[in-house]
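Hello,

Here is the structure we talked about, with its sequence. My notes follow below it.

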Amino acid sequence: MTQPASTLAALTLLLASLLLPATSAAQTDQPSPPNNNSVYAELAKSPKKAATRRNPLADDPDAVAAGSKLFAQHCAECHGEAADGGKKGPSLRASEVQEATPGALFWLLTNGVVRKGMPVWSKLPDAQRWQLVTYIKSLGGTANQSGSAASPQ
């Protein structure tokens, strides 16, 4: 049994409407948006002004230890005790995180990614958020740097 021509035309139109945005974007001279499928895509969304902020605690020898304690209290449940990813949050040792600017990490901590499960940490004092950034940057990368969770954190 063959499909009526109108049903076939409707399917063709539907397929064309799904493919058109992808081909239209590819034909423009605009840069491609960051890979939104990446669990780390939110880092690329930090405004330039935020991303260029310097960490005032980067040279504070006590900031890593303080950040480690804060991480255990607020972050380890989702990102794993060693920050290598958990059931809810991706690895913070991944190159995407380790190569991010301190300002971008601070921005992400401040704003969260609520729709994907990461809370907003703006109620933590600035100094504590910078301590977390200092700790995260101290982790360095691992051999397996891919995120293990489905949502960015």
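Cys78 is buried, as its relative accessible area is 16%; buried means under 20%, exposed over 50% and partly exposed in between, with a 1.4 Å probe and protein chains only. This is a predicted model, in which local features need pLDDT of at least 70, side-chain atom pairs count only at pLDDT 80 or more, and totals for chains, interfaces and linings use all residues. Residues are numbered from 1 along each chain as its sequence is written, and side-chain values use heavy atoms, with hydrogens and water left out.

Cysteines

The structure has zero disulfides, a disulfide being a pair of cysteine sulfur atoms within 2.5 Å. Cys75 is in none, and the nearest cysteine sulfur, in Cys78, is 8.4 Å away. That distance is too far for a bond. Cys75 is buried too, at 7% relative accessible area.

Helix α6

This helix spans residues 102–111, and seven of its ten residues are buried. Helices are DSSP runs (H or I, at least four residues) and strands likewise (E, at least two), numbered from the N terminus. Among the buried residues are Leu105, Phe106 and Leu109. The buried residues of α6 pack against α2 (48–51), α5 (95–98) and α7 (126–138). Gly112 follows α6 and has a positive phi, near 65 degrees.

Thr134

Thr134 is in helix α7 and counts as buried because its relative accessibility is 8%. Leaving aside neighbours within four places in sequence, Thr134 is in contact (heavy atoms within 4.5 Å) with Asn55, Leu57, Ala58, Ala63 and Val64.

Regards
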